[in-house]
Amino acid sequence: MSKRLYYEEPYLQEFKGKILEKVKIDGNPALILDNTCFYPTSGGQPNDLGCIQGVSIVNVIEDNEKIIHVLKEDVKEEYGDTVIGKIDWERRFDHMQQHLGQHILSGALMKLWSAETVSFHLGEEVCTLDISKEKLTEGETKKTEECTNEIIFDNRPVKHYFVEGEEELKRLNLRKLPEKKGKIRIIEVEDFDLSACGGTHCRTTGEVGMIKITKWEKRGEKIRLEFICGRRAWKDYFWKNELTRNISNKLTIKDSELGEAIDRMLEERKEVRKELKVLKDKLQEYEARNLINESSLKDDGIKIVSKIFEDKNFQEVKELVQRIINLDADMVVLAGIKKEGEGAKILFACSRALKYDMNGLIREAGKFIEGRGGGAPNFAQAGGKNAEGIHEALGFALTNLKDFVKK
């Protein structure tokens, strides 16, 4: 059995312990000590890190009454020897801030909205809390934050102690009754929250610093909140404040005017996009008519546009070709798109009144660009890796067009 020093002394950063066992966990050396400061992964809180005899700890595991310290490499000390352990205090205190912050947040959600905490996870960057509530509004979130941070500003003491027996648990009026039986560890935020928990916490609420809910969303029948506390909240505020200030300076406005300015800019952008679309449509129609006027005329009265585009992307060419065959009932378009580093694309189309088989034609022409493709009888496309073969592909299509007529 390993005595858990963090239960009574969560601020203890260094300790001495005797080796009770040396074991292997997934091939890694591991130690079981008679006592330890290292918290194992449990109850949504990740394990502590640090070192024993200067050797880094990669994991801490709870196995019934034993705490197993998984090491990066073995130590020379053997059974019965005393070793010195040091925890990563920055990580530990961060976890203490986040975990006590969760207790305060869960307590506020229960008191304000009768929303019970379903699960909690302390992540590397954010913490998540699942609560049994159908909906959480912006106003409810704000009120919850105000309540939690008032508890922090009050700097209330936080007690921890063990109780045993169902009657004692009922007398305490815990926020949530534990499933575990026997001796239960209680965390008490003075005159605010009582809950069963085996994690590490700050000694006063003021040490949490602040709580900020950053996001919430519906997850099935629950609501999942993301939140941060302490130094994490300060870092989040710092970069967001710096970003807000920089944007405001560039726009030469006050920070408080930023929301209104963005709304105005978005509306202006919407109008500019509308105007741009009108202009692009006009330009495209002009280009389409220009290509129709420059097209070659066959004996049977069919007009053919054969062109390789190097300054347009595929979507632009596709829209232009569609417009050409919509403007004239006797049009055939043989288009190639050639852009450096992007291989080759070809696109064959004809007006719907014509009976050519563009699908069959492009399958044959696609061989010249080492590609494959297909489509409808009047509109087909292909892509390949041999850009130099575009001229041959279009030449083949122009020469053999008469052989690809729908029967």
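Contact here means heavy atoms within 4.5 Å. Keep that cut-off in mind for this tour of a predicted model.

**Stop 1: two helices.** Select residues 89–113, helix 2, and residues 138–153, helix 3. Their axes lie 9 Å apart and meet at an angle of about 125°. Helix 2 is therefore oblique to helix 3. The crossing of the pair is right-handed.

**Stop 2: the contact.** Show side chains on both helices. From helix 2, pick Ile-104, Leu-105, Ala-108, Leu-109, Leu-112 and Trp-113. Facing them in helix 3 are Glu-140, Lys-143, Thr-144, Cys-147, Thr-148, Ile-151 and Ile-152. Colour by residue type: nine of the contact residues are nonpolar, two polar and two charged.

**Stop 3: the largest nonpolar core.** This core has 28 residues. Select Leu-100, Ile-104, Leu-129, Ile-131, Val-208 and Phe-227, which touch the most other members. Which elements each supply at least two residues of this core? Highlight helix 2, helix 3, strand 9 (117–122), strand 10 (127–131), strand 12 (183–189), strand 14 (211–219) and strand 15 (222–229). Helix 2 gives the most, with six residues.

**Stop 4: Val-208.** Centre on Val-208 and leave out residues up to four places away in sequence. What does Val-208 touch? Its contacts are Gln-97, Leu-100, Gly-101, Ile-104, Ile-152, Cys-229 and Gly-230. Ile-104 and Ile-152 were also on view at the helix 2 and helix 3 contact.

Notes: Residues numbered from 1 in each chain as written. Predicted model: local features only at pLDDT ≥ 70, side-chain atom pairs only at ≥ 80, totals over all residues. Heavy atoms only, no water. Axes fitted to C-alpha atoms, helices over the stretch in contact; angles between N-to-C directions. Helix = DSSP H or I, 4+ residues; strand = E, 2+ residues; numbered from the N terminus. Parallel < 35°, antiparallel > 145°, perpendicular 65-115°, else oblique. Left-handed = near helix turned anticlockwise from the far one by under 90°. Nonpolar A, V, L, I, M, F, W, Y, C, P; charged D, E, K, R; others polar. Core = buried A, V, L, I, M, F, W, Y, C linked by side-chain atoms within 4.5 Å. Buried < 20%, exposed > 50% of the residue type's maximum accessible area, 1.4 Å probe, protein only.
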